[in-house]
Every structure is written in structure tokens, then in C-alpha cells.
Amino acid sequence: MQRPCALPPGPARAYVGRDDELKDRQMTPNPAALDFLLTRRSRPAKTLTLPVPTPEELAPLLTAALRVPDHGKLEPWRLLVLTRPAMARLADMAEARARETGGNEERIAKGRGQFDQGNLAVVVISSPKAQDKVPEAEQILSAGCVCLGLVNAALAAGWGASWLTGWVSHDRGFAEPAFGLAPQESVAGIVHIGTETSAPPERPRPDVAALTRWVVE
């Protein structure tokens, strides 16, 4: 019976992390980057406050976020940067849409919530291109990579960041007018960025060994 294993079984284990092989491949380890990825933790959006990145500070974060797998160089995504005045307008739009669709007070509060509390956010819009070689599913995944890339870039730069969605991301009656979506577009995420007020506690993480199987033959 195969058993879960985080490292390849048998002699193959010896090859994991070998410095001489890294040198042969001209690869340079980056322990600091790896440590960051092993300890990264999103900051809850409701705990973020002012100040937020300036346009000049945000630009390299957006540049980093767009360094994602993009098969065919289709650029199947676009970005909207929401500032505080836009947040206030969208909060009112969200409440109006919730009431229009018969939403209860909880739906209204959730619709307004992230816009009422937010000061700066980047809406990552999945914008797949119609063509034969790259499936739409891969293009949508690429937009998801942009969301995570932006969160990680913001965290690495010393900001707090959180990737949110909620019904405002998926309700076409709200998202199309709010974010100017074309029929084939959708919201991959709304990434809030700001100054963290408190570090969140660590939470349980997946059991890598239980979720990983090595196929060796």
C-alpha cells in the first residue's frame, strides 16, 4: 500500500537540496525568499488602516504581481485600483444592489463591509482571450496567480494585504457596472493593501505528507 510521503522514498531523498547539484545547474538558493514563503500570512482586511501605498509605492507591487504564468503571453487579466472615494461609492452601490435583490441586513453589511472599511484595493479582473491554444481555465488560473502574487509582493514590501471576494465579486448585477466587466470577464479577487494594526495568530496548516504522493515508477 502506498503511504503519504512529503519527500520521495528511497535513494531519491538524497537528491533533495543537494548543494552540488544546484551549483551544476547554476542555480542560486535564496533562503530569505524561501523563509518568507514558508511563513507568509495574509492580514485580515478589517485590520488594515492608513497609510496605504502611494502610486509610486504601488507600482512595483503591481509589476511583481503580473510576473505570473501566462501561457501564450495573452495577458488574460487587468487591474483596477480603488481609492477611498471609489470605495465609498461602491459601498453605496453594494447596498442598493443588495436591497434590489431582496437581501437581508447581513447581505447588505457584507456587501458594504469591505468597501466601508477599505482605503486602497486592487481589483484583479480575469479577462480571458478567445483563442484555441490556451484553455480558458488556464487563463482564469493565471488571474488567480496575479491575486496571490500581489498579496505576496505587498507583504514582502512591509504592507498588510488580503485577497477578498464575497458576493460583490460574483453578482453580475453589481460587478458589471461597478467594475466595468465585459461579458467574458469576472472578478478574480479584490486585494486590499494597507498598514496592519495587529499581526494575526498562526493558523493550522495542511499536512503536506497526508496530501502528497510521489509517483516514482
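Author: Gladly! Contact here means heavy atoms within 4.5 Å. Leaving out residues up to four places away in sequence, Leu-58 touches Pro-53, Val-81, Leu-120, Val-122 and Ile-193. This is a predicted model, in which local features need pLDDT of at least 70, side-chain atom pairs count only at pLDDT 80 or more, and totals for chains, interfaces and linings use all residues. Residues are numbered from 1 along each chain as its sequence is written, and side-chain values use heavy atoms, with hydrogens and water left out.

Reader: Thanks! How many helices and strands are there in the protein?

Author: The protein has nine helices and five strands. Helices are DSSP runs of H or I with at least four residues, strands are runs of E with at least two, and both are numbered from the N terminus. In order from the N terminus, the elements are α-α-β-α-β-α-α-β-α-β-α-α-β-α.

Reader: What makes Thr-47 count as buried?

Author: Buried means under 20% relative accessible area, exposed over 50%, and partly exposed in between (1.4 Å probe, protein chains only). Thr-47 has 16% relative accessibility, so this residue counts as buried. Thr-47 sits in the loop between α2 (31-39) and β1 (48-49). Beyond its neighbours within four places in sequence, Thr-47 is in contact with Thr-195, Glu-196, Thr-197 and Ser-198.

Reader: And why is Pro-201 called exposed?

Author: Its relative accessible area is 62%, so Pro-201 is exposed. You will find Pro-201 in the loop between β5 and α9 (208-211).

Reader: What makes a group of residues a nonpolar core?

Author: Such a core is a set of buried Ala, Val, Leu, Ile, Met, Phe, Trp, Tyr and Cys residues joined through side-chain atoms within 4.5 Å. The largest one has 22 residues, and those touching the most other members are Leu-58, Leu-61, Val-146, Leu-150, Ala-154, Val-191 and Ile-193. At least two residues come from each of α3 (55-65), β3, α6 (136-156) and β5. The largest share, eight residues, is from α6. A second, separate core of 21 residues includes Leu-82, Ala-86, Met-87 and Ala-91.

Reader: Why is α4 called roughly antiparallel to α5?

Author: Axes are lines fitted to C-alpha atoms, for helices over the stretch in contact, and angles run from 0 to 180 degrees between N-to-C directions. Angles under 35 degrees count as roughly parallel, over 145 as roughly antiparallel, 65 to 115 as roughly perpendicular, and the rest as oblique. The axes of α4 (residues 84-100) and α5 (residues 105-117) come within 8 Å and cross at roughly 170°. Therefore α4 is roughly antiparallel to α5.
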